[in-house]
Amino acid sequence: METERLLAAGAVNAEPGDYGSWSDSERGGSRGRSRGGSRRLSYSAAADSCSFEGSSGEDLYVQQAVVFIEDAVQYRSINHRVDVGSLRLYRCYYSTICQWGLGLTIGVVLLLAFVERPSSLSLSSDPRHRLAPWDPPCGLTEGIEMVCLLIFSLDLATKSYLIGWDEFRKSKWLLGYTVVITVSMIDWVLSVSMVCDERLRVRRLFRPFFLLQNSSLMKKTLKCIKRTLPEIASVILLLALHLCLFTMLGMLLFVKTEDPSKNREWESHFRGLPNSLTSLLVLLTTANNPDVMIPAYSMNRAYFIFFMLFSVIGTYCLMNLLTAIIYNQFRGYLLMSVQTSIIRRRLGIRAAFEVLNCRREQPNGDEPSCVQAAAVLRVMSKVKLTEYYKHNIIKEARRHEFLDREQFTRIFDELDKDQIKEHPPLPEYHSPVFQTLQRAFSHYALTVIGNAVALANVICICTILVLNSEKSTTERDNFYMEIINLLFILYYLCEMSAKLFAFGWKGYFSYRNNVFDGLLTVLLLCLQISMFVFYKAPFSRWDPERHDVISLWELVRMINMLIVFRLLRIIPDIKLMALVASTLMDLVKNLRAFAGILVVVYYVFAVIGIWLFEGAIKPPPHPEILSNSTMENITTNFSVICGTYEQLEYWPNNFDDFAAAIILLYDVMIVNNWQAFIEAYSRYTTEWSKIYFVGWWLVSSVMWVNLFVALILENFIYKWDRSHSCSVIDVERIRYETSVQLMFKGQIQEPTEEELLCQLHQHPHLHLDQEPNQSLLAQPRP
């Protein structure tokens, strides 16, 4: 098995940038025999017992254990310095404030592209209507960027110090970090020396690297994508062969004849090799279907067979096969990568046990094999961890006076369990009448009735909107809609009050759907009160000539939008819908690495697109010439042929600034009408520009979208398997802590004891005094 080879290698394929590479030169360490033959951890290489330099042993034991457990919780490597000063710096570096500050710095340096020349600070990106954008004075964005680069330099220095020089030299990501910062600073100096008038800012192309190197999972994802590319090369080659074969067949079928009326297919889509390849490549994405075949099909219906065979083989067979291969291969490599994260957690827990193990001396030279529960409790009181998991771990630890290795490991299995949300108890009422009302208002039937009322409210709004769809805002009579909304809002207020009475304040707000429902109800009530204050509605007519802070129609419209949005309250009460919604929320929370990869790709292609195509497409001097009112579908002017960039008025989609480039790339990723962009830029620049657009289509639409779809499937299947036996109430109570590590946990092989000990021996800053027990190493893999 690949995972077995992964474990047997000892290096666990750790990401160098995450301080996870293991040094073979450290295997020998300083492994002396401590007295009595016991195996101990020692910060001092020549020590005979658990002695430490620069701090009392007890305090350092606790600090090391705290950091190791925090590393395990966050799937971080333990390959860092473990002296008291370094541990303090390490915890400060990974504190919430420092990490948020670093993330904010990365965000600022990436957002500079929207402000720098060419600036995106204009209302419209259409060159026909766009005013001159505000360009920042020279030195403003450069000064902000230099501050960011200095923060990155400090970050690099901190990481380098914490892992040590030997580990730094092995880390490709940190070496790349150094190169990127150096190149960026050199380019910054050149930019300032040229008074910010340079054509190319090379450092803009390297800015996404700061985002990549700061995310462990993002680096794992990128590594998996890199390994997946050779696996799908055969299908890409087969797809290219399919495209070339049908291109040749098309050029043989649709040739230029003496009759101009029969040359429409040749002239439009098969006029030369580049034009033929582009037409069929776009057809592969179905963006120009059936336009590409209409000229030939209108002459002879048998030509449909050619286009049908191309689409069936290419679009429905090869493209779907490519999706399956990308999913299968990427999933396999991601599984291997996630294996390292699980091993890191086990290694961090094991290291914490060994550190605390040194605190208890046993008579007769016996090896200390357990830790005091009091030591575990002291460590857990200092660990930064979610209170739910910390409480459960402390609860398990208090059941023992001493914990051996297995017991110590078992109490941290709580980290892999689902978080159960316990709602506060219902308030106690002594009055029989209040008790009866409490039972009635806390019954599930009240929620069902509330959902039915919300649905009826939306149906009423929809009916009135359909009746008034042809009327302007001044012609509409909102009297009945205001009366209906007022009645429904009063019911929502009564429903919220009833639930507050039944559950109490804490119980009411412990349900996420109640928080959502209550917030919208309060907003609706505030808007309704505002309507009464300003317009005395619904008892008086609205005068359209009045010019208040906000018009009556705008108030009504906001109320209607909130009511429509409030219909989402039914989601938690339908199990499958709640599962789908929670899956989407998990994608936002836990699959940010894949979104980060897409941001990097967008950023790089946008910068390259600006370099290549900025100002390439110029609008006509008189835009009214191209207006739809004066233009025929086909004219003698090629620039206004139906379906072209000019006729479709795609002028806002350009590479004249960074924001416009991002939108254009998104439009191409959707592949609807993307042939219009290919044709326009190849006509205004060169035929080689097609390589840029085809490359973006392969990276975004073929590669990334397929990966994202695959991970959506994996996430949904995981949650479906976990919750298919749960009720709707259980789905509400259980917070499934879905992460990439937990999604693959059932398929990951746990590391053995000898593997953990071998890796502990390789720690560059914390050494075992004795080689692992040979009898232990000889144990077979379970």
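A charge sits over a ring if NZ of Lys or CZ of Arg is within 6 Å of the ring centre and within 35 degrees of the ring normal. In this predicted model, Arg81 meets that rule with Tyr161, lying over the face of the ring at 4.7 Å from its centre. Arg76 is placed over the face of Tyr94, and here the distance to the ring centre is 4.0 Å.

In soluble globular proteins, nonpolar side chains tend to be buried together. The largest nonpolar core of this model has 91 residues, and Phe152, Phe210, Trp674 and Phe693 touch the most other members. Helix 25, which spans residues 592-613, gives the most to this core, with 13 residues. Apart from this core lies another one of 38 residues, including Tyr61, Ala351, Val371 and Ile393.

Aromatic rings come next. A pair of aromatic rings is described by the distance of the centres and the angle of the planes. The model has 47 aromatic pairs. In one of them, Phe605 and Trp696, the ring centres are 5.0 Å apart and the planes stand at 55°, so the pair is tilted. Phe605 belongs to helix 25 and Trp696 to helix 28 (residues 689-723), so that distant parts of the chain, 91 residues apart, are linked. Both Phe605 and Trp696 are buried. A second pair, Phe655 and Tyr692, has its centres 5.8 Å apart; the planes are at 80°, which makes this pair edge-to-face because angles over 60 degrees count as such.

Ile617 is found in the loop between helix 25 and helix 26. Its relative accessible area is 7%, and because buried means under 20%, Ile617 is buried. Not counting residues up to four places away in sequence, Ile617 touches Tyr645, Trp651, Ala680, Tyr681 and Tyr684. Trp651 is 34 residues from Ile617 along the chain, yet their C-alpha atoms are separated by 8.3 Å.

The last topic is charge pairing. Side chains of opposite charge can pair when their charged atoms come close. There are 20 salt bridges in the model. Asp155 and Lys159 form one of them, with their closest N and O atoms 3.6 Å apart. Because they are four residues apart in helix 5 (residues 140-163), about one helical turn separates them. Arg203 and Asp187 meet in another salt bridge, at 2.7 Å from N to O. Arg203 lies in helix 8 (residues 202-206) and Asp187 in helix 7 (residues 172-193), so the pair ties together parts that are 16 residues apart in sequence. Arg203 and Asp187 are both buried, and they are part of a network of salt bridges that also includes Glu116 and Arg207.

The salt bridge between Arg683 and Glu646 has its closest N and O atoms 3.2 Å apart. Arg683 is partly exposed, with a relative accessible area of 28%, whereas Glu646 is buried at 1%.

Notes. Residues are numbered from 1 along each chain as its sequence is written. This is a predicted model: local features need pLDDT of at least 70, side-chain atom pairs count only at pLDDT 80 or more; totals for chains, interfaces and linings use all residues. Side-chain values use heavy atoms; hydrogens and water are left out. A nonpolar core is a set of buried Ala, Val, Leu, Ile, Met, Phe, Trp, Tyr and Cys residues joined through side-chain atoms within 4.5 Å. Buried means under 20% relative accessible area, exposed over 50%, partly exposed in between (1.4 Å probe, protein chains only). Helices (H or I, at least four residues) and strands (E, at least two) are DSSP runs, numbered from the N terminus. Rings of Phe, Tyr and Trp (its six-membered ring) pair if their centres lie within 6.5 Å; planes under 30 degrees apart count as stacked, over 60 as edge-to-face and the rest as tilted. Contact means heavy atoms within 4.5 Å. A salt bridge is a side-chain nitrogen of Lys or Arg within 4 Å of a carboxyl oxygen of Asp or Glu.
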